[in-house]
Amino acid sequence: MLGYDYKWMRQIGENVSQYYKPFIRNKNGKERTIHNPISPLKTIQSRIHKRILAPIELPIHVQGGVKSRSPLTNASLHSGNEVVVAIDIRDFFPSVTDRWVFQIWREQLGFGRDAAKLLTRLTTLDNQLPQGSPTSTSLANLAMLCADSEILAGLASGLIYSRFVDDITISGGDEAAQSIPYVAKILSRYGLRTHRSKKKCKVMRAGIAQTVTGLTVNEKIAVPDRRRQQIRAAVFKLEKASSLEQKELLPEVLGQVNWLRQTNADQGEKLLARVAEVSRRVK
C-alpha cells in the first residue's frame with residue numbers, strides 16, 4: 001500500500017525519536033513545542049497521509065484538516081445565529097495516546113495487528129500524537145468521531161455543531177450556552193479536558209463580536225478589525241526587513257494575506273501586491 005520495504009519501515013519505527021527536530025512556536029504569547037519530523041520519517045508519514053488517511057470521507061461537522069474545508073467554511077456554518085459558543089480542548093494532541101491511535105488503525109481502519117503496531121510507531125512519539133506530523137490532524141479527527149457523534153446526539157434540536165481540530169463551536173438559540181457542561185462531560189469520558197477560562201470557553205450573543213476560527217460571523221463573515229491591523233503591520237514589517245529576514249518572514253505573511261483575501265478581497269489584493277513585490281526582489 002505504501003510502496004516501502006516493511007523491514008526498513010519497522011527499523012525507523014523502532015528508532016522514531018531520532019527522526020524529529022522539535023522547535024518552539026510562540027503564538028499570542030503562548031509557547032508550544034512543534035515536533036517536526038525529518039526524512040525519511042516525514043516522507044513515510046506524508047505517504048501514509050496521502051494514501052490512507054486523506055481519502056477517508058469525514059462528516060461535514062469535521063472542518064479542520066480536511067481538503068476543501070477551512071476556517072472560512074467553518075465560520076460559514078455559524079453565521080447569523082443568536083448565540084455562538086466556542087469550546088477549546090486542552091492539550092488535544094498530547095491527549096491522543098498511542099493506544100488510542102492503535103485502536104484507530106486496528107478497529108476503525110481494519111489493519112492487522114502487526115501493521116497497526118507499525119503504523120502506530122510511525123505516527124506517534126513518546127506515547128502520543130506529535131503536533132507537527134503530516135498524519136496527526138487526520139488521526140486526531142478519527143479519534144474524535146465517536147465523541148462528536150455522542151455530542152451531536154444529545155444537543156438540542158436546531159443547534160449547529162462543528163469542530164476545527166481542537167476548537168468546538170456550537171451555535172443557535174439559548175440552548176447553545178446551556179450545552180457547555182454536557183460537552184465537557186462527554187469529552188472527559190474520552191480523557192479530554194476543556195479550557196474553562198472566558199478566553200478559551202466563550203458564550204457570544206448577538207450584539208457583541210461573535211468569532212469562529214478567527215472570523216466574525218454576526219451578520220457577514222469578516223476578519224476582525226484588530227486582526228486586519230495586525231496583518232497590515234506584518235506586511236509593513238516585511239517590507240522594512242533585511243533580505244535575510246524577508247526570506248524567513250515571507251511564507252507566514254503570505255499565508256496571512258491570502259487568509260484575509262477570503263473575506264476582504266479588496267484589502268487582501270492590495271496587500272498581496274505589496275508582498276509579491278517583496279517576493280520578486282528577494283528572488
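**View 1. Pro40 in the loop between strand 2 and helix 2.** In this predicted model, Pro40 lies in the loop that runs between strand 2, residues 30–37, and helix 2, residues 41–53. The peptide bond that leads from Ser39 into Pro40 is cis, and its omega angle is near 5°.

View 2. Once residues up to four places away in sequence are set aside, Leu53 touches Ile48, Trp105, Leu109, Thr135, Ser138, Leu139 and Leu142. A separation in the other sense is given by Glu31, which stands 22 residues from Leu53 along the chain, while the C-alpha atoms of the two are separated by 29 Å.

View 3. Ser68 is found in the loop between helix 2 and helix 3, the latter covering residues 71–76, and its phi is near 70°, a positive value in a residue other than glycine. With a relative accessibility of 70%, Ser68 counts as exposed. Asn127 belongs to another part of the chain, namely the loop between helix 6 (113–123) and helix 7 (136–154), and it has a positive phi of about 70° although it is not a glycine. Asn127 counts as exposed because its relative accessibility is 52%, and the term requires a value over 50%.

**View 4. Leu129 in the loop between helix 6 and helix 7.** Is Leu129 buried or exposed in the loop where it is found? Leu129, in the loop between helix 6 and helix 7, has a relative accessibility of 1% and so counts as buried. Not counting residues up to four places away in sequence, Leu129 touches Phe93, Pro94, Val96, Val101, Thr123, Ser136, Leu139 and Ala140.

**View 5. Asp148 in helix 7.** Asp148 has its place in helix 7 and is buried, with a relative accessible area of 0%. Which residues are in contact with Asp148, leaving aside its neighbours within four places in sequence? The contacts are with His61, Val62, Tyr161 and Arg163.

**View 6. Ile160 in strand 4.** Ile160 is placed in strand 4, which covers residues 160–164, and at 29% relative accessibility it counts as partly exposed. Leaving aside the neighbours within four places in sequence, Ile160 is in contact with Leu77, His78, Asn81, Thr169, Ile170 and Ser171. Leu119 lies 41 residues from Ile160 in sequence, and the two are 34 Å apart in space, taken from C-alpha to C-alpha.

**View 7. Cys146 and Cys201.** Cys146 is partly exposed, with a relative accessible area of 47%, whereas Cys201 is buried, its relative accessible area being 14%. The count of disulfides comes to 0, where a disulfide would be a pair of cysteine sulfur atoms within 2.5 Å.

**View 8. The whole protein as a setting for the close-ups.** The protein has 12 helices and 9 strands, and along its principal axes the C-alpha trace spans about 55 × 55 × 30 Å. A compact globule with 283 residues would have a radius of gyration near 19 Å, and the protein has 21 Å, which agrees. Of the 283 residues, 43% are buried. Among the contacts with a separation of 6 or more, 67% are accounted for by residues 24 or more positions apart. The accessible surface comes to about 15500 Å², and 49% of this area belongs to carbon and sulfur atoms. The protein has 43 positive and 26 negative side chains, and the centres of these two sets lie 3 Å apart.

Terms used. Residues numbered from 1 in each chain as written. Predicted model: local features only at pLDDT ≥ 70, side-chain atom pairs only at ≥ 80, totals over all residues. Heavy atoms only, no water. Helix = DSSP H or I, 4+ residues; strand = E, 2+ residues; numbered from the N terminus. Buried < 20%, exposed > 50% of the residue type's maximum accessible area, 1.4 Å probe, protein only. Rg over C-alpha atoms; globule rule 2.2 N^0.38 Å. Contact = heavy atoms within 4.5 Å. Areas by Shrake-Rupley, 256 points an atom, 1.4 Å probe, with all protein chains shown as cover. Lys, Arg positive; Asp, Glu negative; His and termini not counted. Charge placed at Lys NZ, Arg CZ, Asp CG, Glu CD.
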